[in-house]
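Me: Hey, can you help me look through this one? I'd like to start with a strand and then jump to a loop.

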Amino acid sequence: MGNKCVAVNFAATTTGAPLTDTEVSVSVIDASVFPTLEDGQYFYATLFGVTGDAHEIIKVLEINLNLDTLSSVERGQDGTTAREWGPASKIELRNTQAQVLEMQVFMHDSEEAAMEAAQQDDFLHYAVDETLC
């Protein structure tokens, strides 16, 4: 199945236009800094103001590189609230609690699948490092 949450290092840009608290697409200055999304993949990004005093986590489901737009997003993720943002608000890929928890679930599920496969094939010598989860 694989983990559908993707990331890249140092992805940062700014919004290209004001954003209301109900919009589900985000205009950005440079969408190419973000991961390329294949079918079913997504990433979390953090919006924050110029002064850094407010934050919102969004889940990005689709990107349109030609229009520099995060064309499908879910707002107010991971305990944050959707809010209005001005032009030139910062948007970055940062570690989020949701991303870390999803990775833990993925690793746990992978470990269980490996153990099940080993039992079905009667690999008595198979061992899994229990420190993964």
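Me: Which residues of E3 sit on one side and which on the other, and are they buried or exposed?
Reply: Keep in mind that this is a predicted model. On one side of E3 you have Phe 43, Ala 45 and Leu 47, and on the other Tyr 44, Thr 46 and Phe 48; all of them are buried.

Me: OK, and what does E3 pair with over six bridges?
Reply: That's strand E4, residues 55–64, and the two run antiparallel. One of the bridges links Tyr 44 to Lys 59 in E4.

Me: How many bridges join E3 to E6?
Reply: Three, again antiparallel, with E6 covering residues 90–92. Phe 48 has Lys 90 as its bridge partner there.

Me: Switching topic: where is Thr 15?
Reply: Thr 15 is in the loop between strand E1 (12–14) and strand E2 (26–27).

Me: Is Thr 15 buried or exposed?
Reply: Buried, because its relative accessible area is 2%, and the cut-off for buried is under 20%.

Me: What's around Thr 15, then?
Reply: Leaving aside neighbours within four places in sequence, its contacts include Val 26, Ile 29, Leu 47, Gly 86 and Ile 91. A polar atom of the Thr 15 side chain also lies 3.0 Å from the backbone oxygen of Gly 86.

Terms used
Residues numbered from 1 in each chain as written. Predicted model: local features only at pLDDT ≥ 70, side-chain atom pairs only at ≥ 80, totals over all residues. Heavy atoms only, no water. Buried < 20%, exposed > 50% of the residue type's maximum accessible area, 1.4 Å probe, protein only. Helix = DSSP H or I, 4+ residues; strand = E, 2+ residues; numbered from the N terminus. Pairing = 2+ DSSP bridges. Polar contact = N/O pair within 3.5 Å; in protein donor to acceptor, adjacent residues only side chain to side chain. Contact = heavy atoms within 4.5 Å.
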